[in-house]
Amino acid sequence: MSGLHWSLSERKIDLKIFGQVISRISDAKKLIICGHIMPDGDCVSSVLSLSIGLQRWGKDARPAIDWPIPHEFDGFPFVETIDSFCEDMVSPDLIVAVDSSSADRLGRFSSFLGEGVPSVVIDHHATNSLFGDTNLVDTSFSSTAQMVLRLLRFMEIEYDQDLALLNYLGIATDTGFFRYSGVDETVFRDAAELVKMGADPAFVAMQILERNRIEDLYLKRDAISNLELCHSGLVAFSYLNEGAFKKYGVKEDEFSGFVNELRAIDSVEIAVFASESKEGIAHVSMRSKTFFDVSFVAKAFGGGGHKNAAGFTMSYGGNLREALEEILSFIGNVLREAQPDNPS
Ligand code: 5GP
Ligand code: MN
């Protein structure tokens, strides 16, 4: 490929599947490019980059996410074009699901799959259920956005400043701004390519990391007062009830960074944070620092994710603190099995 400093064979990308993805996209006129509920930076980035890229390739490609877009993405171009219904596209030729490990993560857009609309899945989650007709799933990528970059560049789609910025957003956020394991030379090279094409790293960092509202800090104060350690300090957990979010007028999915702060405690390997969205329903976010696979726990409770970041939604009777006990004891059992030399 002329002009590209990487090759697809550098990753374990299956060229046959890559070709199938491009041919399915070429054959379609009307496409829905769909991300997941509770969208994060990689989701918003992948949905918008792929949609804008394909629009420039002459496609009617609609960015779709069945969820309100969190406020930190307000300042990014084309965010207002993300549609949570796509009512005027009742029979798309293709649905492309990005950054989504299972069909239920697509919210209302999963119904297209049931109706037999052809589908392509582009994702990097180890727990991906391969729910598309064509599945481009590669866990060696730091982010889905990195896969989208390679796809668009392979298709020789032109990048301008806006597209570069949008594509950079997902690589930066899904690597914790280039800190997590899995950040290798290719991440820096791909990010550098986007910076060269006009992405502004300082703008992305400022929008995502430096726009906390005072209400976020008040919530953090409440979450810290619920903070506990268990399993010899290896596990930190906390939670917030629906009332706390209501009190400060913050949506529960807009308080997603706190679990990372729990993990940052020195003794901690595993962090668990539960946010109640309505009475008896909570989203549980989990993070691990090194050896512990939180996606295993998430899967056992009906969710998914990666080794070091995973989550699920649970329903429960009684109070949230009590509901967390079951998860903590499950984690305790896995920890004991992971440390067979531990006499306790
Ligand atoms: P977070 O804790 O930030 O919500 O999510 C961390 C990771 O776990 C992300 O990669 C996300 O896609 C995945 N994840 C979170 N919640 C769920 C869920 O309910 N189901 C599945 N399959 N994955 C989830
Ligand atoms: Mn991702």
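Which domains is the protein divided into? There are two stretches to look for: domain 1 covers 2-209, and domain 2 covers 214-338. Keep in mind as you look around that this is a predicted model. A ligand is there too, and the protein buries 87% of the 490 Å² that ligand 1 exposes when taken alone.

**How the two domains meet**

- Start with the spacing: the C-alpha centres of domain 1 and domain 2 are 27 Å apart.
- Domain 1 puts 11 residues into the contact, and domain 2 puts in 13.
- The size of an interface is often quoted as the accessible area that is lost when the parts come together.
- Here, about 1000 Å² is buried between domain 1 and domain 2, with carbon and sulfur atoms giving 52% of that area.
- On the domain 1 side, look for Met 38, Thr 127 and Tyr 180, which lose the most area to domain 2 and together make up 44% of what that side buries.

**What kind of contacts hold the view here**

- The domain 1 residues that touch domain 2 split into 6 nonpolar and 5 polar, with no charged ones.

**Around ligand 1**

- There are 16 residues around ligand 1, and the ones that come nearest are Ser 101, His 125, His 283, Ser 285 and Arg 287.
- Arg 287 has a polar side-chain atom 2.8 Å from an oxygen atom of ligand 1.
- Arg 105 also points us to a ligand oxygen: an N or O atom in the Arg 105 side chain is 3.2 Å from an oxygen atom of ligand 1.
- With Gly 311 the backbone is involved, as one of its N or O atoms there lies 3.4 Å from an oxygen atom of ligand 1.

Notes. Residues numbered from 1 in each chain as written. Chains lettered and ligands numbered in written order. Predicted model: local features only at pLDDT ≥ 70, side-chain atom pairs only at ≥ 80, totals over all residues. Heavy atoms only, no water. Domains from an automatic or database assignment. Contact = heavy atoms within 4.5 Å. Buried area = accessible area lost by both parts, 1.4 Å probe. Nonpolar A, V, L, I, M, F, W, Y, C, P; charged D, E, K, R; others polar. Near = heavy atom within 4 Å. Polar contact = N/O pair within 3.5 Å; in protein donor to acceptor, adjacent residues only side chain to side chain. Areas by Shrake-Rupley, 256 points an atom, 1.4 Å probe, with all protein chains shown as cover.
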